[in-house]
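Work through the exercises below with the structure open. Try each task before reading its solution.

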Amino acid sequence: MRTSIPLVLMAFLANGLLLAACGSEVAGPAGERSVLGGGGGGADSPGIPGDPADLAKDGVRITGMSSGRSGADAPSSVTADFEVTNREAEPFTYTVTFDLLSESGGVQMNQDRTVASVRPGRTVRSTVRLDGRTVTGGQGRVRIAKVRRVPSDEFPAESGPCPASGVRVTADDGDAAMGLRVVGLRLRNCGTRTYHLDGYPLLKLLDEDRKPVSGVRILHGSGSIATVAGFDTPPRPVTLKPGEAASAGLMWRNTTGGGIAANVPYVQVRPKSGAEAVTVTPELDLGTTGKLGVSPWKKASSTDIPVR
């Protein structure tokens, strides 16, 4: 049975949105600031409001918090000082999602911060500022919503020096409709030599602890998950000159039936056999379907993917 898919899903080979921006810029609030305190925080974060589980997660810890406004009619803001400690044996790059909570505990907004190349055993300190959409009339707070950590040599950097492999591999933000998910993979030849592809991206699915996920079949093509234009096109050789790009796609449904739902935050991608791996974070909510479809590499037009 053919499934009708909105046109927005068919654009997965043309989107240029990338996952997380690289960098760890620090922005401090302008205007009046006041230190938040009076409750919560736990032994590691005394005097900082909030559930201790919201203040420390996966090597990241909020160490200070302050609120302020740049004017009487301006949105309120909360600034959080935080630190990232690498307990691994190699450099890791951390992408941390922070939530800004209102005084009543509702999520006003969230923001990502990427802290690059934290060396083993080292702690890096940074700051994040989140501005509320409306004046809350009270003091909000910040919590750590999610931490994603990738070995630095596998991080999908969207800019900066070209990797030693000569290619950049990234993933977009994806698209969803009626339980169907589609995420685009992007490969750009940023090197000085021609790059050849022939077939499908090679994938390894990893869980929260970056351990291999079992019980999920990776299928070439749609695997009858849905009918999306271009997904079941047979693979053809792709030759990329410097500056040219290719794209592929991941497709799944998040249907949940009997059994344990599979959530896969990390996907390790190799463009072809023998190539260096890049780890992207598409947050696959596979439900209990046990299937993930992957389309073949296809050469992208010059307008499909922005030059970085």
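**Exercise 1.** Does Phe82 count as buried or exposed, and at what relative accessibility?

*Solution.* The model is a predicted one. Start with the cut-off: buried means under 20% relative accessible area. Phe82 has 1% relative accessibility, so Phe82 counts as buried.

**Exercise 2.** Find the aromatic pairs and classify their geometry.

*Solution.* Step one: the structure holds two aromatic pairs. Step two: take Phe82 and Phe98. Their ring centres are 4.9 Å apart, with 55° between the planes, and the pair is tilted. This pair links distant parts of the chain. Phe82 belongs to strand β4 (residues 77–85), Phe98 to strand β5 (residues 92–101), and the two are 16 residues apart. Phe98 is at 0% relative accessibility, so Phe98 counts as buried. Step three: take Phe92 and Tyr94. The planes stand at 50° and the centres are 6.5 Å apart, so this pair is tilted. Phe92 and Tyr94 are both buried.

**Exercise 3.** Which charged residues lie over the rings of Tyr195 and Tyr266?

*Solution.* Begin with Tyr195. The charged end of Lys272 sits over this ring, 4.3 Å from its centre. Move to Tyr266. Arg148 lies over its face, at 5.7 Å from the ring centre.

**Exercise 4.** Describe the chain as a whole: elements, burial, contacts and surface.

*Solution.* Count the elements: two helices and 22 strands. Check burial: of the 308 residues, 47% are buried. Turn to contacts with a separation of 6 or more: 72% come from residues 24 or more positions apart. Finish with the surface: the chain exposes about 14800 Å², and 49% of that comes from carbon and sulfur atoms.

Terms used: Residues numbered from 1 in each chain as written. Predicted model: local features only at pLDDT ≥ 70, side-chain atom pairs only at ≥ 80, totals over all residues. Heavy atoms only, no water. Phe/Tyr/Trp six-rings, centres within 6.5 Å; stacked < 30°, edge-to-face > 60°. Helix = DSSP H or I, 4+ residues; strand = E, 2+ residues; numbered from the N terminus. Buried < 20%, exposed > 50% of the residue type's maximum accessible area, 1.4 Å probe, protein only. Lys NZ or Arg CZ within 6 Å of the ring centre and 35° of its normal. Contact = heavy atoms within 4.5 Å. Areas by Shrake-Rupley, 256 points an atom, 1.4 Å probe, with all protein chains shown as cover.
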